[in-house]
Amino acid sequence: MDTIGKGVPRLESRDKVTGFARYTNDTESSRLLHGWLVTSPHAHARIVGIDASDALKLGGVRAVVTGEAHPEPTGPLLADRPPLAYGKVRYFGEPIAVIVADTECLAKLAAGRIRAAFEPLPAVQSPSAALLPDAPLVHDDPAGYRRYGDVYPEPRSNIGSRARIRKGDMAAGWAASETVVETALRFRTSDHGAMEPRCAIVEIMPGGLVRIESSTQDGFHMGPLFERFFGLKQTEVATHVPFVGGAFGGKGSVQLEYIAYLASKACGGLPVKINNVRETDMAGSPSHIGLEATVKVGASRDGKLQAVDITYLFDTGGYTELGPSVATAAAVDCTGPYRVDNVRCDSLCVYTNHPYATAFRGFGHSESHYCIERAMDLLADRLGMDPLALRRLNAVKPGDTTPTQAPLNRSNLGDVERCIDRLKTLIRWEDGRRIEAGDGKVRAKGAACLWKTSTSKIDTGSGAVVTFNPDGSMNLGVGPSEIGQGNRTVMAQLLAERMDVPLSRVRVKMDVDTELTPEHWKTVASTSSMMAGRAVLGAADDALAQLKRNASFVLKRPPEELETAGGEVYAKDDPERRLTFGDLANGYSFPDGDSIGKPVIGRGTYKVHGLRTLDPETGKGIPGPQWTVGAQAVEVELDTRDWTYRILTAASVLDAGRVLNEALARGQVMGGMNMGLSFATREGFLFDEAGAVLNPQLRTYKITRYGETPEYLVDFVETPYHDGPYGARGIGEHGTIGMPAALANALSAAAGIPLNELPLTPELIWRHKEGGGHP
């Protein structure tokens, strides 16, 4: 192949490095008003009153909008969250009002004049505390809210949803288990840390059309959601998505768009921009979910897994948002990529008074794999087995089934064993898992395997359109948001490969406009290349068929006797008789002015088939079309004198099905590894006794910096997925998934104690090693 697999630089890279690329906050106009959010200083409190009189006295302040403007709750699955807090606040940083003014500076000044009175309520600080009999209720009755999906709130409780997996016979599994390990794990709510804070602009046109510009992964869902909660028709909502400066799942929720719409409505439809400052983006907008979990694993004496019993308590914060879906996604792949015939898993989405949760890179899988992979290392220690040998022994294979009893075959399942074998070489596993390095330092390695399916909606689909320029070059329109992952470059490669033209002959529309761009489900779940890629190939095939039809009139051959190559159509039996795409793209014009044929517009669509809704009692069903698998490892150097450590090497081997762009694939995986290690080593919100976030800024919320990164080793194996473009599988999230577990396994081996809490700071290691335990 001429294009597929090559390390083609991103098409938009020059625009980004020169500052020419435009993001939502770059939009300015003389008519544009600015909103500033007023947020709650309490994690749980009744709103006694909001006095905006002093703010409205400032010249240039156009409106102050509070929760009374739209008290009806919203939500993608369970409608439990008003756009602005109404009646009470349920997390620190929750927006209670928006000030609209001529400038952002003036709106911020006016926000300081808002006087809000609260009656503080006891805060629920953890999922386990939320389930105690005397725990305060974050919501009086979650079961009374409207439902819009597979969500199962439990009456008069703090349980926003529960997913169940029941496979096999647990009694038989435990009877066959000669070795059993059990452990508890946990980590706190954290932030996505995208470079670009969330931003939205909404304008209500005189004819009623609502124009939205947003840094979102969810452009095509604005219409349905605004229809559901604001009574608009989907055709009355148009969304434009320019470049998005990172998202990692955090921009897959709708929040600022609702508030900006209410603000615009209060100002006669004028456009209103709300641009989060970093503090509001971290504490006020959706976060990465927290977790408390218990895992029990049973195996025979030779290491064969017999039973797995898991309970997840996910900290969804003050509102469910996508928490129920995350909890379900964690449950469907809860065993990791291993054959287990007897499985029980309860995955609860639990309300607390923490920032509310949404998707995070891996969508429940980084969390679930942290749990099962720590248990696998504990089991290996108990059995006296090499941890990677235990994993290879139990690796899931074609013919096995998932925890949801979905059947697996060589196409929909990658090759776990090959990933493990390649990883062992890459990380030099055989050189020793734990080595005394002198001066009180210990070097140790830890590993983790992974798998992930998309848990996408049953009606998931995508589209693509190809048009032609007079010179025969092509324009491609696709629906996924460009959030930094380089999907536009891969789409161009797919089109160039199928059309057999140089990549320079393809131009891709970088932004998304829902009035013009073919619809795409969501830019989530590592599905863009697979779904939109298939649509692109369909559009290319459609365009080729039309080009051949036009050429058939001129070359006097039926279309099946024509071939294409290098931007030309020619007769198979007489290759010298040929026409360029430019000759044919608008029909063919003869020298005498007569014309024949039709303009060529290639159209392609793709829809995922074969999915089955999960049974709410057993979890039986088919949650996704395919599973990407992999193996990862980390090598650390721990200083036992002060329990500080360095990460020396991190390695990943993924079964990509087919690598579409080698450079982008490596960059995606390395970026994911860095994100997983940053989360595992230092990230997490700190809360005071009342539930206030103590570190809602990058000065105090630390992420990995340049100079702190290890050597990254990335490799791929390729087991083609028959439904993917040229056999490709999704890999966008997978670099993140196993990193927290691999690091915890490495540090546990180095320190000689089980470390089951994130982030893995030197203080935490010291406390556990010296017997202090959790502070």
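T517 is found in the loop between β23 (512-513) and α14 (528-555), where helices (H or I, at least four residues) and strands (E, at least two) are DSSP runs numbered from the N terminus. The model is predicted, so local features need pLDDT of at least 70 and side-chain atom pairs pLDDT 80 or more, while totals for chains, interfaces and linings use all residues. Residues are numbered from 1 along each chain as its sequence is written, and side-chain values use heavy atoms, without hydrogens and water.

T517 counts as buried because its relative accessibility is 7%, buried being under 20% relative accessible area with a 1.4 Å probe and protein chains only. Leaving aside neighbours within four places in sequence, T517 is in contact (heavy atoms within 4.5 Å) with F220, V478, G479, K509, D511 and V512.

The second largest pocket has a volume of about 1000 Å³. On a 1 Å grid over the protein atoms alone, a pocket is an open set of points with protein on both sides within 12 Å along at least five of seven lines, and lining residues have an atom within 4 Å of a point. Grid points are joined across faces, edges and corners, and a volume is the space filled by probe spheres set on them. The lining of this pocket numbers 47 residues, with R188, R682, P759, L760 and T761 nearest its centre. Its largest share, five residues, comes from α19.

A cavity is a set of points where a 1.4 Å probe fits but cannot get out.

How values were computed. Buried means under 20% relative accessible area, exposed over 50%, partly exposed in between (1.4 Å probe, protein chains only).
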